[in-house]
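Biologist: I am new to this structure and would like to go through parts of it by question and answer. Please show it first.

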Amino acid sequence: MKLFQLVDTPKHQKDFDINQHGRWYTWSQEIRPFLRSWNQYVKTIEKPKLKSLNEAKPYVYTYSQNLSKIKEPQLCKELASIATALNNLPVDDRILFFTGLLQDLDGVGLHFLFASLREALVQIRKDPLSGLYSPLDPRGSKDFPLHCDLYVPKILFNVYEDVPTDSSGASIFMSTQALKKILSNIRYLSIKNQNAILHSLSKESRRDRYDRFYDLLHGRHVWKDQLEEEMQKHQQRIKLDAGQGYMLHDRLWLHGREKVIGKIPRNRLHRLVFNNKSVN
């Protein structure tokens with residue numbers, strides 16, 4: 001099954017420089033009938049549960065849908081095909097941007113879809129940590145500087161549901177290749193700590209490493225101000241709307257968010273993090 005198809009860059013987003021590092025997609029025509037049927041069906045079944053994954057501390061919870069609760073054989077068959085396509089999807093050093101993802105299903109339908117795909121991918125890969133769909137931590141409305149999530153899975157798929165229509169809350173990106181070039185020029189940042197930052201990106205681990213990585217970049221260190229200033233010079237921004245999103249390799253791209261005007265709702269975005277064949 002073909003998941004996505006190429007589309008033109010939305011007109012109001014053509015001038016953002018980050019477009020040089022990615023292409024724009026939407027759901028394929030092949031998958032849209034399933035999405036419409038799915039959106040109606042899931043409103044009749046039990047909601048996804050939060051599961052504890054103690055092995056992945058400190059991020060120990062994920063939504064997951066018991067696939068046996070889906071009693072429609074055709075929907076089960078198509079969901080399995082979508083999970084297989086996602087497992088086979090190439091994800092490299094370019095960002096996949098998306099638009100129109102909430103045309104055929106709403107936020108509830110997307111919630112059920114991500115929870116079900118999480119479970120289906122885990123079954124394919126036979127690893128409970130190969131897929132996460134964790135609740136959103138709003139973290140307040142202030143800016144959220146560049147970081148890598150460093151979950152155990154490496155592919156990040158964010159879809160926005162409830163975002164402000166003003167220009168606030170833009171997404172920001174910088175490649176980890178750019179970070180590597182910056183680090184050697186930061187005063188007071190020792191070789192040891194440079195290596196610790198880079199090691200966080202390359203090390204294989206069965207535990208989340210976000211806190212240590214974020215602290216090295218933005219904690220109370222003597223190099224913090226210069227490092228953040230240099231990162232801000234190299235970051236690229238784009239304001240994404242409801243129904244838009246992106247997919248990227250979390251070890252190849254830092255990402256973050258500019259300050260949001262007003263409060264951040266818990267359904268601001270849906271975040272599926274997974275491993276597939278391209279990151280084996």
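Modeller: Before we start, helices, as H or I runs of at least four residues, and strands, as E runs of at least two, are DSSP runs numbered from the N terminus. The model is predicted.

Biologist: Which elements each supply at least two residues of the lining of the second largest pocket, and which supplies the largest share?

Modeller: Strand 7 (144-147), helix 6 and helix 7 (224-234) each supply at least two residues of that lining. The largest share is four residues, and it comes from helix 7.

Biologist: Which lining residues lie nearest the centre of the second largest pocket?

Modeller: The second largest pocket holds about 210 Å³ of space. Its lining has five nonpolar, three polar and five charged residues. Of the 13 lining residues, those nearest the centre are D143, P145, H218, E228 and Q232.

Biologist: Helix 6 also packs against helix 5. Is helix 5 parallel or oblique to helix 6?

Modeller: Helix 5 (residues 191-202) and helix 6 (residues 210-218) have axes 10 Å apart and pack at an angle of about 140 degrees. Because of that angle, the relation of helix 5 to helix 6 is oblique.

Biologist: Is the crossing of helix 5 and helix 6 left-handed or right-handed, and how do the residues of their contact divide by class?

Modeller: Helix 5 passes helix 6 in a crossing that is left-handed. From helix 5, N193, A196, I197, S200 and L201 meet R212, F213, L216 and L217 of helix 6. By class, the residues of this contact are six nonpolar, two polar and one charged.

Key: Residues numbered from 1 in each chain as written. Predicted model: local features only at pLDDT ≥ 70, side-chain atom pairs only at ≥ 80, totals over all residues. Heavy atoms only, no water. Axes fitted to C-alpha atoms, helices over the stretch in contact; angles between N-to-C directions. Parallel < 35°, antiparallel > 145°, perpendicular 65-115°, else oblique. Left-handed = near helix turned anticlockwise from the far one by under 90°. Contact = heavy atoms within 4.5 Å. Nonpolar A, V, L, I, M, F, W, Y, C, P; charged D, E, K, R; others polar. 1 Å grid on protein atoms, 1.4 Å probe; cavity = no way out; pocket = protein on both sides within 12 Å on 5 of 7 lines; lining within 4 Å. Points joined across faces, edges and corners; volume = space filled by probe spheres on them.
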